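Me: Could you walk me through reading a protein model? I'm new to this and would like to go feature by feature.

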Amino acid sequence: MTTVNEPAPKMTLIKDGIAAQLHDIDPEETSEWLASFDAMLEAGGSQRARYLMLRMLDRAKQQHIALPALTTTDYINTIPTESEPFFPGDEAIERRYRRFIRWNAAMLVHRAQRPGIGVGGHISTYASSATLYEVGFNHFWRGKDHPGGGDQVFFQGHASPGMYARAFLEGRLSENDLDGFRQEKSHPGGGIPSYPHPRLMPDFWEFPTVSMGLGPMNAIQQARVNRFLHHRGIKDTSDQHVWAFLGDGELDEVESRGLIHIAAIDGLDNLTYVINCNLQRLDGPVRGNGKIVQELEAFFRGAGWNVIKVIWGREWDRLLEKDKDGALVHLMNTTADGDFQTYRANDGAYIREHFFGRDPRTKQMVTDLSDEDIWRLRRGGHDYRKVYAAYNAATQHTGQPTVILVKTIKGFGLGPSFQGRNATHQMKKMTSQNLHEFRDSLQLPIPDSQLEDVYRPPYFHPGQDSEEIQYMLDRRKRLGGFVPERRVAAKPLVLPGDKVYDVLKKGSGKQEIATTMAFVRLVRDLFKDPEIGNRVVPIIPDEARTFGMDSFFPTQKIYNPSGQLYTAVDAQLMLAYRESEQGMILHEGIDEAGSVATLTAVSTAYATHGEPMIPMYIFYSMFGFQRTGDGMWAIGDQMGRGFVLGATAGRTTLTGEGLQHGDGHSHLLAATQPHFVSYDPAYGYEIAHIVKDGLRRMYGGSEEFPHGENIMYYITLYNEPYQQPKQPDDLDVDGLLKGIYKLSPAAETEGKARAQLLASGVGVRWALEAQQLLAQDWGVAADVWSVTSWTELSRDAERVERARLLDPAAEVGVPYISKVLAETEGPVIATSDWQRAIQNLIAPWVPGDFVALGADGFGFSDTRAAARRHFLIDGPSMVVATLSALERRGQYRAGAAAEAAEKYELHDVRAGRSGSTGGDS
Ligand SMILES: Cc1ncc(C[n+]2csc(CCOP(=O)(O)OP(=O)(O)O)c2C)c(N)n1
Ligand SMILES: [Mg+2]
């Protein structure tokens with residue numbers, strides 16, 4: 001204990017996040033304060049001392065004394081009862097139809113368990129969150145017809161039955177639709193998806209949330225991009241709010257927590273998280289030994305969020321008022337979540353004994369309550385008014401994002417076999433007894449006779465003209481229409497003409513530049529386009545200099561809602577680091593996952609905001625699909641459009657960076673994502689055609705796709721500098737876009753053995769080298785083909801095969817790759833800086849012999865030439881592979897391949913020559 005007279009001239013404290021040495025300018029006064037504190041503690045006890053300290057802190061805050069914040073508060077509601085606003089709705093009517101929704105939500109899952117179907121679903125999550133959603137639907141969320149443009153609501157994925165059940169009452173879904181839950185293809189008349197999937201229900205769902213952790217990230221970047229669009233003058237989003245509904249278990253995903261600082265730094269007060277703290281995840285308690293609400297409060301407050309806790313329902317108000325010595329609050333503070341869960345899986349008598357009974361003062365407090373009364377002491381998340389007060393406060397808070405931590409009961413209202421049980425998340429079938437009890441507790445006029453068929457209990461709808469439905473529809477009308485709703489109103493963009501692409505078609509002359517630089521040159525010109533320039537949005541996770549995009553800093557500027565409040569160290573330089581409120585570049589910091597969330601919001605602005613934007617997300621290709629593939633997949637679901645650039649591509653091209661950087665497989669990963677059209681261009685002019693066609697397909701209108709196609713482009717870019725050739729006069733543009741074109745026919749073919757060399761990206765130069773060696777040293781005439789997309793060629797072939805399977809008798813055509821190679825002679829040898837499996841994507845459809853070389857296995861640090869020799873993908877390796885294939889066909893003398901292997905020293909990595917040095921990494 002500190003003695004009063006002890007001198008304390010200096011103390012180290014953390015003040016505003018910074019360690020500070022504070023001087024005591026009046027030690028005598030300090031001693032007096034400390035002495036009076038000690039005396040107060042002795043006289044009043046620790047509860048009293050705690051109370052007074054909290055009051056002091058509160059007073060200091062009111063008087064604007066900048067003290068470090070406490071990260072947690074007591075386990076009680078943040079908003080005091082006396083500060084709750086007037087509730088503007090009719091609670092009784094809203095309760096009635098909330099019960100209809102609860103019933104129908106459970107029934108649509110339950111009915112989907114009927115014999116022969118049994119497709120699963122979740123009942124307990126929505127049961128715990130019905131109030132949270134209904135307060136939003138009835139009082140807060142603005143629809144698309146609202147003058148402000150409407151809100152964006154991220155629904156907890158497995159709460160979807162509740163949203164469907166509401167849409168049924170609203171007349172948006174039919175009984176047949178509900179019965180088609182999770183039977184999208186087989187249900188007569190069509191079914192509805194298990195979870196929020198915009199791609200599968202494009203007029204309804206806006207945000208795919210079911211891969212847990214993506215919703216929290218995407219909601220933050222949605223709110224940030226809303227601001228960005230506003231600052232950029234694209235759209236007034238000032239009256240649009242983003243709501244994200246999350247599970248307390250979901251908050252254990254690193255993605256759920258990893259981005260929250262961004263929301264705080266950008267002051268996103270247009271964002272509210274509602275975390276349904278039912279204390280349970282799938283298997284059991286989220287924090288049996290701890291308190292998830294308290295943990296999250298500290299976490300979010302520490303990160304700079306406004307935190308509102310909704311823990312207790314109004315029935316507790318009276319008890320808390322009686323809690324003069326803090327005994328009840330102490331119990332609340334010290335009861336573990338595991339116990340809170342167990343209370344609700346038991347009954348009032350159990351709660352009396354195991355909660356209130358732990359302290360004689362609290363036991364006394366509830367003597368006048370029956371066990372029934374104790375059971376009816378609700379949690380905050382089931383009290384309409386408490387939830388309303390929290391939402392209202394969140395929407396009025398400025399300068400910070402808000403998180404509302406709401407305590408609920410998992411399986412609420414579903415009876416003792418569901419409520420609070422560890423298994424409740426997975427329970428989907430109700431027994432006859434469950435059904436009867438549930439109906440009774442919801443007070444629904446469904447006769448017993450209708451519950452006889454336990455697999456088909458009826459849905460409940462009181463009729464369109466009923467008071468409840470009329471009220472409900474009226475609420476939505478006032479708020480601007482239904483939620484969720486997805487609309488695509490964007491018009492096709494006027495795309496730039498050919499001129500913008502000229503710079504790439506001309507080639508780089510004597511200058512050696514990498515394809516990354518060629519791409520950057522194109523983007524620079526696209527920025528200047530009067531129609532689309534303002535819509536191009538580079539998204540960069542701290543690699544702009546690597547890609548030569550620092551040249552955009554002074555002109556396009558980096559978006560920062562606070563502008564630039566400091567003098568940049570390089571302010572005097574041409575390429576100064578410039579931040580601006582109107583910046584066009586979304587610089588994401590070292591954060592690929594967050595960048596993909598940003599990409600999601602930007603690439604879907606055409607639907608969410610009716611404003612097509614052209615994202616150009618450029619990153620180290622190794623840290624793309626491999627690291628953030630799930631987010632990319634969700635963009636596919638959300639039907640994003642834009643360009644994804646895997647820069648520093650290839651397993652051997654990024655000199656010296658080695659195992660964790662040498663990407664030799666992202667094309668394989670991209671190939672698994674149906675919405676990605678992937679290209680691996682070799683030259684600038686190829687990039688020009690690919691980007692032009694991408695813009696046409698995604699942002700232009702065609703007869704087949706009047707609003708453009710829901711696809712993304714994945715283009716790999718390299719950092720190996722070489723001369724970019726001028727576009728050949730007779731370029732086969734159609735072939736280039738389909739995935740292959742003849743780049744360099746063999747010079748003299750007369751009487752010579754023939755071969756076909758296929759390559760993509762930087763590999764094209766090795767094929768050209770091999771062509772030369774084969775001609776010079778072996779008299780073999782080889783044609784060189786640039787394969788711009790192995791994936792597109794294979795997808796084209798798969799489409800043909802599927803058509804053939806469905807209609808074996810029909811004339812379904814020939815895969816493009818087969819058609820192109822059918823007219824050629826000799827074996828086909830393929831190479832690239834990617835693993836073999838990528839080249840092999842076309843193997844089944846290559847007529848004749850096919851040999852794929854590839855960079856399989858882990859990369860390593862070395863020169864490009866050495867690495868390519870190691871993997872046997874370089875020019876000489878192609879020569880040996882070609883001779884060997886010719887020998888096997890009997891078209892070349894035996895032993896030639898072995899001679900060639902010796903001649904080119906294939907076993908010696910030091911003998912490799914395929915590849916230039918230099919290029920930034
Ligand atoms: C990334 C990911 N991992 C696992 C799942 C499977 N899953 C679906 S719901 C769920 C439990 C959810 O618990 P919580 O977030 O607390 O939500 P609650 O249902 O309790 O509201 C799990 C593990 C998933 N959907 N996504
Ligand atoms: Mg939970």
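Me: Let's start with one residue: is Glu543 buried, partly exposed or exposed?

Reply: Before that, a note on what you're looking at: this is a predicted model, where local features need pLDDT of at least 70, side-chain atom pairs count only at pLDDT 80 or more, and totals for chains, interfaces and linings use all residues. Residues are numbered from 1 along each chain as its sequence is written, while chains are lettered from A and ligands numbered from 1 in the order in which they are written.

Now, the idea is to count neighbours: a residue is buried if 20 or more other C-beta atoms lie within 10 Å of its own, exposed if 12 or fewer, and partly exposed in between, with C-beta atoms placed from the backbone. Glu543 has 19 other C-beta atoms within 10 Å, so it is partly exposed. You'll find Glu543 in the loop between β9 (536–540) and α21 (553–556). Those labels come from DSSP runs, numbered from the N terminus: helices are H or I with at least four residues, strands are E with at least two.

Me: Which residues does Glu543 touch?

Reply: Contact here means that two C-beta atoms, placed from the backbone, lie within 7 Å. Leaving out residues up to four places away in sequence, Glu543 touches Phe619 and Tyr620. Also, Glu543 and Gly589 are 46 residues apart in sequence, yet 8.7 Å apart in space, C-alpha to C-alpha.

Me: And Ala263, is that one buried or exposed?

Reply: Ala263 has 28 C-beta neighbours inside 10 Å, so it counts as buried. Ala263 sits in helix α8 (residues 260–265). Its contacts, not counting residues up to four places away in sequence, include Ile220, Leu271 and Trp305. Along the chain, Ala263 and Trp305 are 42 residues apart, but from C-alpha to C-alpha they are 8.1 Å apart.

Me: How do I read a whole helix, say α6? How many of its residues are buried?

Reply: Start with length: the expected span is 1.5 Å times one less than the number of residues. Helix α6 (residues 214–231) has 18 residues and reaches 25 Å from first C-alpha to last, close to the 26 Å expected. As for burial, 16 of the 18 residues of α6 are buried, so the helix is largely enclosed by the rest of the structure. After α6 comes Gly233, with a positive phi near 75°.

Me: What does α4 pack against?

Reply: The buried residues of α4 pack against α2 (91–111), α3 (124–139), α5 (175–179) and α18 (467–478). In α4 (residues 160–169), 10 of the 10 residues are buried, so this helix is largely enclosed too. Just after α4, Gly171 takes a positive phi of about 85°.

Me: What angle do α22 and α24 make when they pack?

Reply: Two packed helices are described by the angle between their axes and the distance between the axes. Axes are lines fitted to C-alpha atoms, for helices over the stretch in contact, and angles run from 0 to 180 degrees between N-to-C directions. Helix α22 (residues 592–603) and helix α24 (residues 625–638) meet at about 10°, with axes 9 Å apart. That makes α22 roughly parallel to α24 (under 35 degrees is roughly parallel, over 145 roughly antiparallel, 65 to 115 roughly perpendicular, the rest oblique). Among the residues making the contact are Val596 and Leu599 of α22, and Met632 and Ile635 of α24.
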